[in-house]
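Biologist: Hi! Could you walk me through this one? I have a few quick questions.
Modeller: Happy to. Let me bring it up.
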Amino acid sequence: MSNVTLRNDTELLRQIAGWQADYKPGERLADYASLGVGGEADLIVLRDHAALEPLAAALRERGIAWQLIGGGTNILPVDEPFTRVFLHLAPSKNDVTIEGRNVSVSAAASLGRTVTYCAKNNLGGIEGLAGVPGSVGGALRMNAGAYGTQIGAVVRSVTVFRGVSGKIEELTADRIGFQYRHSSFAPDDVMLAVRLELNERPFAEIMEDIKRCNEKRRTSQPVKEKSAGCIFKNPPGLSTGKLIDDLGLKGFREGGAVISERHANFIVNRDHATAADIFRLMDRIRDTIRKAHGIELEEEVIVWKN
Ligand code: EPU
C-alpha cells in the first residue's frame, strides 16, 4: 500500500509523463538505499529537473506528501510501506561545467565522478571526497567529509528548490551554515546545483592524493559491503568507531545486520537484513557506549519513518 491517491489520479499521471518523468509505483526503497533496507514506496524519476516546480505544485495542490531521494547512501528507511511519494532527480551526461577555478555541478551528479572530472581539468581541493559514495546534493546536505576535506569548505553557492515556498533560490555559502556533518537546509529543500571554487593543481598530484585516500578507505572501511557509511557522528575529539571497537562489539549481529569487523562505526547488511535488525544493533551500541562512557551518541545516518 503506497500512495493510493496518486495511483488513481489519471490527470496527474498524464502530466507527469508529459514532464519527462517516470512514475514507478510500488518500488522497494531497499533497492535505492545503499544499506539495502526500506519498505515499499511510489517513486517519480525526473529526467528534466525543470519539472520539479510544477510537479511539487501539483502534489501540494492535492495534499500528496513527497520527499526527495538522492543517492541513498546515508539513509535508513524503515521496513513498512511509505505513504509519501519519493522524487528522484536523474543524473545526466552534462552535469559539470568548468570556468577557470569555478565549477558548476548538478546536485544529481555522482560526487566521486565529479572529483575525478575536476582532477582531469587540473582542479583540486576535494581529493579526500573521491571515495565518498552518493550524489553531490547528498554531500551538500550532510556536509560530507573525509581525510581532512569537507565539501562545505569549497562551496560558493547552492541553487535550491525551497519546499516551503515552492520557489528556487540561490544561496551563497555564508547563508548555508555548514557544520560537521550538518547544513542548515530544511528536510524539504531540494538541492539542484552547486558552484564550487577549487584550486589549480596538476592532475598527477591530485591523483596521487586520491589514490592514497582510496587505499586508506579500502583498508579501514567495508567498502565492498552494503552500508550507509558511519552510523553515528564522532563526539568532539573522539572516534565512535574506536570507542565501539574498544568495547569489543565488532562482529555483533542482529538478524542479517553486523557491526563491521573492519570499522566498528559501520553496520553492514550481510544477509538480507531488515531496518529493524539495524535499529536493534544501533540500540545495543548506544546502550553500551552510554554505560561505559556516559556519552550519548548522535546518529549520522538519516532515519526515514512514515
Ligand atoms: N579505529 C579503531 N577501530 C575502528 C575504527 C577506527 O580503532 O573500528 C581507530 C583508527 O585506527 C584510527 C581512529 O580510530 O586511529 C580514527 O579512525 P578513522 O580514520 O577511520 O576515522 P573515523 O573518525 O572513525 C571519520 C569519518 C568517516 C571518514 C573518516 C576518514 C565520522 C563519523 N566518520 O571516521 O566518515 O571516512 O573519518 O576521514 O565523522 C561517514 O561520514 O560516513 C564516514 C565514514
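Biologist: In what order do the three strands of the open sheet come?
Modeller: Keep in mind that this is a predicted model. The order is β15-β16-β17, and the strands pair in the antiparallel sense.
Biologist: And which are the edge strands?
Modeller: Those are β15 (253-254) and β17 (267-269), as each of them pairs on one side only.
Biologist: How many bridges are there between β16 and β17?
Modeller: Three bridges, with β16 covering residues 257-259. Within this pairing, Ile259 sits opposite Ile267 of β17.
Biologist: Which helix lies across those strands?
Modeller: That's α8, residues 275-293. Helix α8 lies across β15, β16 and β17, and runs at about 25 degrees to β16.
Biologist: Nice. Which residues of α6 are buried?
Modeller: Ile206, Asp209, Ile210, Cys213 and Arg217. They cover an arc of only 100 degrees around the axis, so they lie on the same side of α6.
Biologist: What do those buried residues pack against?
Modeller: They pack against α4 (111-120), β8 (123-124) and β9 (145-146).
Biologist: And on the other side of α6, which residues are exposed?
Modeller: There you'll find Ala204, Glu208, Lys211, Arg212 and Thr219 exposed.
Biologist: Great, thanks!

Conventions
Residues numbered from 1 in each chain as written. Predicted model: local features only at pLDDT ≥ 70, side-chain atom pairs only at ≥ 80, totals over all residues. Heavy atoms only, no water. Buried < 20%, exposed > 50% of the residue type's maximum accessible area, 1.4 Å probe, protein only. Helix = DSSP H or I, 4+ residues; strand = E, 2+ residues; numbered from the N terminus. Arc of directions from axis to C-beta. Contact = heavy atoms within 4.5 Å. Pairing = 2+ DSSP bridges. Axes fitted to C-alpha atoms, helices over the stretch in contact; angles between N-to-C directions.
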